[in-house]
Structure formats: C-alpha cells, structure tokens
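Take a walk through this structure. Each stop pairs a place in the fold with what surrounds it.

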Amino acid sequence: MPQMNMVQALNLALRQEMERDPNVLLLGEDVGRDGGVFRISEGLQEEFGADRVIDTPLAESGIVGTAIGMALYGLRPVAEIQFMGFIYAAFDQLCSHAARIRSRSRGRFTCPLVVRTPYGAGIKAPELHEESTEAFFCHMPGIKVVVPSGPYSAKGLLAAAIRDPDPVVFLEPTRLYRLIREEVPEEKYTIPLGQARLAREGDDITVISWGSMVERSLKATEGYRVDLLDLQTLSPFDEEAVLASVRKTGRVVIVQEAAETCGFGAELSATIAARAILHLRAPIVRVAGFDVTMPLPKLEDHYIPSVERIGKALDEVLTY
Amino acid sequence: MPEETIGSCTVKRLSILDPQGNADEILLPPLRGEDIRRLYELLVLSRTFDGRALALQREGRLGTYPSILGQEAAQVGSAFALEKSDWVFPSFREMGMHITLGYPMHLLYQYWAGDERGLVSPDDLNILPVCVAVGTHIPHAVGAAMAASYRGDRNAVVCYFGDGATSKGDFHEGLNMAGVFRAPVVFICQNNQWAISVPYDHQTAAPSLAQKAWGYGFEGIQVDGNDVFAVYRATRAALEKARSGGGPTFIECHTYRMADHTTADDASRYRPPEEVADWRDKDPVLRLRRFMTQRRLWNEEYERRVLDEATAAVDEAVRRAESAPKPAATEIFDYTNAELSPRQERQRKETG
Ligand SMILES: Cc1ncc(C[n+]2csc(CCOP(=O)(O)OP(=O)(O)O)c2C)c(N)n1
Ligand SMILES: [Mg+2]
C-alpha cells in the first residue's frame, strides 16, 4: 500500500470522486492553475479542464453562494475556502441557505455541497490563517462538520462527504498536511460520517479529540492506558462511542484547539454529564485554546494546547 | 417609445511620466526639486526595506512576507499627498505608504516577524492595522469618512486594496455607501494584475476597475501606477475634493506585482516570464531617476548617498526590531477586552 501525506490523500480522493461522478466539480481561489495554495487540487485542472476545476474571483460569499446554486441544480460542487479565517463572508450563505434549503423546500431542493477549508494553528502563518472555529458550524442544524486527523481518514471522509446528500463543512488541519505519512489504499473507499475512530485503546481515561489535536493527544497519551477517540465527524458526532468509552473509564479529557468557551468540548461535556454522569470518577477536563484572539506566530505556541498541558490533564483526572 | 441612452461612462487614464523619464509638462505637478528628490529617496528606501525583508525571510528571521517590488510609486506617490492627520485603512501590501508617512520601519519588520506590537501606530498617525482579510476593511474606511463629516473635521480617509479585493461583497457595499453618503474617502486600488494566481481578466470582465466607480455615482480614474507623478496628482486632487465636500473618488493604480505573491508562493507556476520582463521596463524607480537625470537632480554621487542612507536606515530598523524584548506568553490576553473575565484571568494564570 502506498505511503501518502494528507495533501496526496485529499488530492487522490478528489480525483477519484471526479472520475466516478461527472457532477463533481471544484471551485475556489487559486484551485485551478496553481493547484490550490496547499496543492490539494494539483494537476486536476489539467486533467478535468477549467470548467470543472474553476478558478474563481476573490469572493468567498460568491464561491459558496454559486456552489449552492450548482448543488440545487444537481451538481456536487466542492468549494475551497483558502483558509478558515476567510469563511466568515460565506457564513450567511451557509447558514441562511445551504443549511436550510432542504427544510424550506420540504425536501424538493437539496444542497449536496462540500466546503473544504484548511484550519488550525501551528504553521506560523499571518493573521486569520490559523483559525479553529468549527463550533460555529456545529451549532447550525442542517450542516455536517467533518474533521480528518490523518491521510487515511482524510481520503475516506472526503469521499463520503462528497457523496453525502447534505452540505458538509470539511476542515483540514493545516499543520498536519505534510506532517504525517501513512498507508493509504490506492483504491476508492469511504469512511461513514458520524463515526468516531478509536486511535488508542485503554481502560483508565477517555480522551476525546479531533483533527489537529489527535496527533498531539497520541503523543501525550503514550504510556497511559486511554481510549483515544478521534471523533472524525463533529456534527453529527458519535454519541454512542463516546458514552460507551466513558462508561468504561469513568474519566474524561477533551482536547480541542479552539478557544475553550462554547467550543465543541462544551457539547461533549454536556452530553456526558446528561447521559453518563454516574459513571464519572473525576470531573471532565477540557484542554483547549484560550479565550483570546488567535495570536500571531511569535506567541502562537502559547495558545495551542501542548503535549505538556494534555499530560497534566491526564494526571489530574487519574489522581482525582 | 424609442430606446434612448440615459447614461454613458467615460474612463480616463492619467500618465505623466513615461518609462524613458519624459514628463508631460502641463500635467506635471508643481513639485520643487527637493520634493522630487524626497520622492525618489522614499522610493529607494521602500525598495531597500522590501529587499531586506525578503532576505530576512529567507534566513528565517521574518515570517511570510508580501513584497511591494514594482508597486513603490503607487504607494509612495499616494501617501506623499496625505496629511499626517488623515486616516489610512491599508490592506497588507503598502509598506511604501507606511514608510512615506513616517511609520517606524522597525515596527513593520516586527509585524512581519509575527509580533502584534508591530501594528501599534504612533500617536501622530492614524494608520489602522494591516487588513489580512481581503477587502473587508473597505466599509470601515467609508464609516470613518462619514464620522469625519459628522464631526466637521477636514480629515480625509484613504483606503488601500488590490484588484482582487474589488470582487468582494464588501467592496460593493462600501463603495455604494460612500456614493450615497458622499463620504470624504479616497479608494486607492493597486491593480497589480494578479491576485495570487488569478490574473486580472479572471477577476473581472470589466476592461478597467476605474469604471466601477461610475456605477456607484462617483468619479473613478485609472492612473499609471508606476508613475509617481500621476499617482501623486490624482491622489491630491481626490483629497482636495474630499476635504471640500465633493465626495469619494476611486483611483485605480495600474501597476504590477514583480515578485511572488508572498514568500510562500511561487509565481513561476502560473505566470509567463515574458510578462514580468515587459513590466521590468516600466520600473517606477528607474523612470523617476531618468527624469531627474534630465533635470540634473540626479548623479552617481547622489545615488550612492541615497542608497547608503537607505541601507543605514534599514540596518537600524532591523537591529531595533530584532532587539525588541520577547513578548511574554501572558500578552496573548492583554488586549482581548478592556477587562478580562474571571475565566480569562484563570487561563492567564495558566500561561504565566
Ligand atoms: C477574504 C480573503 N480571502 C482570501 C485571502 C487569501 N489571499 C491573500 S491575498 C490574496 C490575493 C489578493 O489579491 P489582491 O486583492 O489583488 O491584492 P494583492 O495580493 O495583489 O496585493 C488572497 C486570495 C485573504 N487574505 N482574504
Ligand atoms: Mg492584486
């Protein structure tokens, strides 16, 4: 089986989905000629043509808005927003339209759209290039939120997102694009949305994480006996997998890169409290980004949850 | 009823100084020899600053950096027309404007090295922080201009952005409001022909950006953006108009991004080298030097002095930027709000 990084895995998923279904097309800033600023769509314009891999003007609301129109018409557009920090202009389109058209038309019109965007910190990039605001989208009924944590899951989840009948916000952890190489099947496969993955198995603690923080959590939990759950899909998330693990371990550490307040960890905590509180042997601990404006590169390392902070939380719940 | 023409738009282009350094005597702004030298020195300083930034980035001493190479006249020429009290809403590729207005260069280096403290505008300047989210600052400039009108101040507001920004909804909303409220604002668009890999003709089907202003009910003009005199003249006229209640103006500076989009980009992947070579002949610094040579405002000795002074100033700025004390981890909290919440206080203790 070939070794791939996430860039190669995503590129392959896009290529295979485009080969499989002529309704799949790509649009976004610099996705064509340049192959995307992270090269996720490298070579695809040459292969599929400029009317299927579309370089758009600089207009995020326009990109998502036109992609919604294409989806309504029956295509399966995959829109790229160059960085998550630039998705906010398209928020209106996502929340007011993509999320609700199925409901508003009572199923007559649907929006099978994927909006891919690199997210997260740790690449020493300029302002707004390191945002991690997935919770905004998780709060919106009608939108699915998917976050791969490595090349294998990236390929299978992206294929599943493209085939999904509803709008999916697909967040790619920028820091991991080229950091992890692993075996990725050449052939097509999907990973069902809404299912968590057990990245490590153990009885003492349930560590719940997703995307960029899975890699850190793996490092931090070395030598500990933990269930490390990689959620993969945040909305809808795999409640049963979370609860089953919590009932087994009785201790929970949630690791999220996003700011603590109202992050997705809050939803997890509330769900665990509601459905498994009597199994808990220690308070739930969240290791999260701080409630501050995402710092510029000089200070960003102080923001991102570190292996040490995660380790401290593990010890805290173990010794409670 | 016959069809009738109810409006038509004419688009003007202003150029004064040609690439050979010949100037249109009638359009040449009334600048003294020392002003012209000052313009030249600012162009050279901006270019020296920029070259050093690229070198520092290669050595890992600066983060991702967007070069201004080739666009110096658009920035220096426009900023030279401003008063210190005017308000400026930049995008992220106007370091020549900063330098012209006297924004400390060491702060620029500090910012591009990833340090928020580099964005702190000195008290005598009203330059907003660099705006990374393309075009999103355009409505702010309009609002500030409306505020200046409301207060009865004579300040004008200038907003800089690129060709790519004209595709954003914020551009439309901002320019429309500027027209409706006749806000004293000057939009300076550096049309450098590229938005990363997207060329001008893929950004818009309009033959010029200047003509867009017509749709909003105010004047737009294209200027040769590599001609420092044309940029200066157009900006001055627009500022005077703004100050005297004449409303907004849109200035399209027709220029070229000679370098990669940023140090994270490789422009050879998407644009032909012949195009870059064509524009090299239209270099803004070279053409002013040719003009000055004709007027006996330039000689080798002067050139050496200008370069030496620019190099010394840049050396000093780098030294100051790099000797700034390291920011403390707790500083990530310091300006989140006027007062920290109890939760932020707890988090702050965790970092400190
Ligand atoms: C809203 C938004 N979308 C995308 C980006 C990524 N990006 C940074 S600069 C740029 C191109 C900008 O082109 P233009 O406005 O012409 O300015 P130039 O870079 O040429 O100075 C893009 C797409 C961004 N910073 N902001
Ligand atoms: Mg441009």
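Buried means under 20% relative accessible area, exposed means over 50%, and partly exposed lies in between (1.4 Å probe, protein chains only). This is a predicted model: local features need pLDDT of at least 70, side-chain atom pairs count only at pLDDT 80 or more, and totals for chains, interfaces and linings use all residues. Residues are numbered from 1 along each chain as its sequence is written, chains are lettered from A and ligands numbered from 1 in the order in which they are written, and side-chain values use heavy atoms, with hydrogens and water left out.

Start with Ile99(B). Its place is helix 3 (residues 95-101) of chain B. Helices (H or I, at least four residues) and strands (E, at least two) are DSSP runs, numbered from the N terminus. Is Ile99(B) buried or exposed? Ile99(B) counts as buried because its relative accessibility is 6%. Contact means heavy atoms within 4.5 Å. Leaving aside residues up to four places away in sequence, Ile99(B) touches Leu42(B), Leu45(B), Ser46(B), Phe49(B), Met105(B) and Leu108(B). Ala79(B) sits 20 residues away along the chain, with 9.0 Å between its C-alpha atom and that of Ile99(B).

Now the sheet of chain B. Two strands pair if DSSP finds at least two bridges between them. Here 7 strands form an open sheet, ordered 1-8-9-5-4-2-3, with parallel pairing. Its edges are strand 1 (12-14) and strand 3 (126-127) of chain B, each pairing on one side only. Further in, strand 2 (residues 87-89) and strand 4 (residues 157-162) of chain B run parallel, joined by 3 bridges. Trp87(B) stands opposite Val157(B) of strand 4.

Strand 13 (residues 252-259) and strand 14 of chain A are linked by 4 bridges. Across this pair, Ile254(A) faces Arg286(A) in strand 14. Strand 14 (residues 285-289) of chain A is largely enclosed by the rest of the structure, because 4 of its 5 residues are buried.

Next come the loops. In chain A, one loop runs between strand 5 (114-119) and helix 6 (134-138), and it holds His129(A). Leu128(A) lies in the loop between strand 5 and helix 6 too. Phi of Leu128(A) is near 65 degrees, a positive value in a residue other than glycine. His129(A) is buried because its relative accessibility is 13%. A polar atom of its side chain lies 2.8 Å from the backbone oxygen of Glu127(A). Beyond residues up to four places away in sequence, His129(A) touches Phe83(A), Phe86(A), Gly120(A), Ile123(A) and Val132(B).

Arg296(B) also has a positive phi, near 60 degrees. Its loop links helix 11 (284-294) and helix 12 (300-322) of chain B. Arg296(B) is exposed because its relative accessible area is 76%. Back in chain A, a cis peptide bond joins Ser235(A) and Pro236(A), with omega about 0 degrees. Pro236(A) lies in the loop between strand 12 (233-235) and helix 9 (239-249) of chain A.

Finish at the second largest pocket. A pocket is an open set of points on a 1 Å grid over the protein atoms alone, where a 1.4 Å probe fits, with protein on both sides within 12 Å along at least five of seven lines; lining residues have an atom within 4 Å of a point. The lining has 30 residues, and Glu127(A), Glu116(B), Leu119(B), Pro129(B) and Tyr335(B) lie nearest the centre. Helix 11 (297-303) of chain A and helix 13 (331-334) of chain B each supply at least two lining residues. Helix 13 of chain B gives the most, with 3 residues.

Definitions and conventions
A polar contact is a pair of N or O atoms within 3.5 Å; within protein, one must be able to donate a hydrogen and the other to accept it, and residues adjacent in sequence count only if both atoms are side-chain atoms.
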